[in-house]
Amino acid sequence: MIEFSNYDILRNLMFATQWTILLSLAAFIGGTTVALALTAMRLTRNPILQRIVKIYVELFQGTPLLMQMFLCFFGLSMLGYEISAWSAAILSLTFFTSAFLVEIWRGCIDTLPKGQWEASRCLGLSFLQTLRFIILPQAIRVATAPTVGFSVQVIKGTALASVIGFVELTKVGTMLNNATFEPFKIFTLVALIYFVLCYPLSLYSKHLEKKFNVSR
Amino acid sequence: MLYFSDLLQYSDVFLSGLKTTVELTVLTTILGVILGTVCATVRQYGNRASQRIVSVYVELIRNTPFIVQLFFIFFGLPAIGVMLTPWQASMIALTINLGAYSTEIIRAGLASISKGQMEAAKVLGLNFRQTLTRVIFIPAFEKIYPALTSQCIIVMLGSAVISQISVQDLTYAANLVQSRNFRAFESYLVTALLYLGLSILLRFAFNALGKRLFAYRTSH
């Protein structure tokens, strides 16, 4: 058996952290892209498109992220689509992230007074112009704080990728635990690393919330 | 091709998994909301030191993944002499998790009650405990009830992870079934739909309960 010094443990965990960060970034970028498309579908006021977005949100918010990962990883390969743990994790985290973001953003757009749409129409602005010059600049201000706040959920969500065998922070934690039998120390360290990743984002989100509320 | 009929013979396994998930959800919802109510009250009305302790607890839990909390409690605590069964560890982890989130939600509710209510109650001769239970809590909970119940459903869905420490919940059932008949896609799809059904059902139940609990306020 190999002896692990505290330094070895910490070094391995730090090394694994970069995969957690990378996976979080990929999921967040994928999630925002899909959520943008879904938000656009909602804004068209086409009842069929709106219905599709609603079902999408219901499906991915109403089922566990772990189950979505299993479906993407084991399920798709059963159906003949060979998929790596990396792709399955990104795919399922993208579904998860976009389903929550589209709901968060809907709330933000709904806080803007309806009269603004009507006033823009009276001024002769087209739908896209209204969106670009009137709605989006305001909506983005309102949406920044909750979006940053939600990125914490994305980082925490990546921990589940360990279950399908993606080697990130949590997975390396369990592997080190199996090698060293020092669960208390290792899981404390793992939790602390997640905390160091997430807490600044939480604080920043709170800060943004305050800033935008004061200036309103 | 999909073969759902292969799953029928395992309906008992799914049902018993569903039962465990529901039991744990009901239990941890009750315990977690009680914990959150106590912590939120301390956070809002307690002294500086106790406020500090509660906010450290809330921030620690909210900024770490549930699966790490679960592993810490199940694998980590025995190392310092606290032995727990998988079921106990899950219950504690879920309660602590919901407790932290509900603390934040309930505190927002408490903060939304105007100071005048507190002062008026004092003038009327109510003590602190009476003021809380009769004047503050009910309107506060009515305000945050939708957010609180959504969080309970999120925790229920998050409980899928406890299968990793071999609690025989719904996800454990799915894993078991797919390892027996190698029908991974069908087995996970059915399980995902069961979770979806459960979350829709829970939302209906919470809405019905909410109408009952706060009925007298909307009737006039």
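In this predicted model, the contact between the two chains involves 39 residues of chain B and 38 residues of chain A. The size of an interface is often given as the accessible area lost when the parts come together. For chain B and chain A that buried area comes to about 3,100 Å², and 78% of it lies on carbon and sulfur atoms. On the chain B side, B:N63, B:F185 and B:Y188 together supply 19% of the area that chain B buries against chain A, which is more than any other three residues contribute.

Charged pairs also occur across this interface, where 2 salt bridges are found between chain B and chain A. In a salt bridge between the chains, A:E58 is paired with B:R203, and their closest N and O atoms are 3.1 Å apart.

Within chain A, a pair of helices can be followed in the same way. Two packed helices are described by the angle between their axes and the distance between the axes. Helix α5 of chain A, spanning residues 115–122, packs against helix α6 of chain A, residues 127–157, at an angle of about 140°, and their axes lie 10 Å apart. Because angles over 145 degrees would be needed to count as roughly antiparallel, α5(A) is classed as oblique to α6(A). The crossing of α5(A) past α6(A) is right-handed.

The residues that α5(A) brings to this contact are A:Q116, A:W117, A:S120 and A:R121, and they meet A:F127, A:T130, A:L131, A:I134, A:I135 and A:Q138 of α6(A). Sorted by class, the contact of α5(A) with α6(A) is made up of 5 nonpolar, 4 polar and 1 charged residues.

Conventions. Residues numbered from 1 in each chain as written. Chains lettered and ligands numbered in written order. Predicted model: local features only at pLDDT ≥ 70, side-chain atom pairs only at ≥ 80, totals over all residues. Heavy atoms only, no water. Axes fitted to C-alpha atoms, helices over the stretch in contact; angles between N-to-C directions. Helix = DSSP H or I, 4+ residues; strand = E, 2+ residues; numbered from the N terminus. Parallel < 35°, antiparallel > 145°, perpendicular 65-115°, else oblique. Left-handed = near helix turned anticlockwise from the far one by under 90°. Contact = heavy atoms within 4.5 Å. Nonpolar A, V, L, I, M, F, W, Y, C, P; charged D, E, K, R; others polar. Buried area = accessible area lost by both parts, 1.4 Å probe. Salt bridge = Lys/Arg side-chain N within 4 Å of Asp/Glu carboxyl O.
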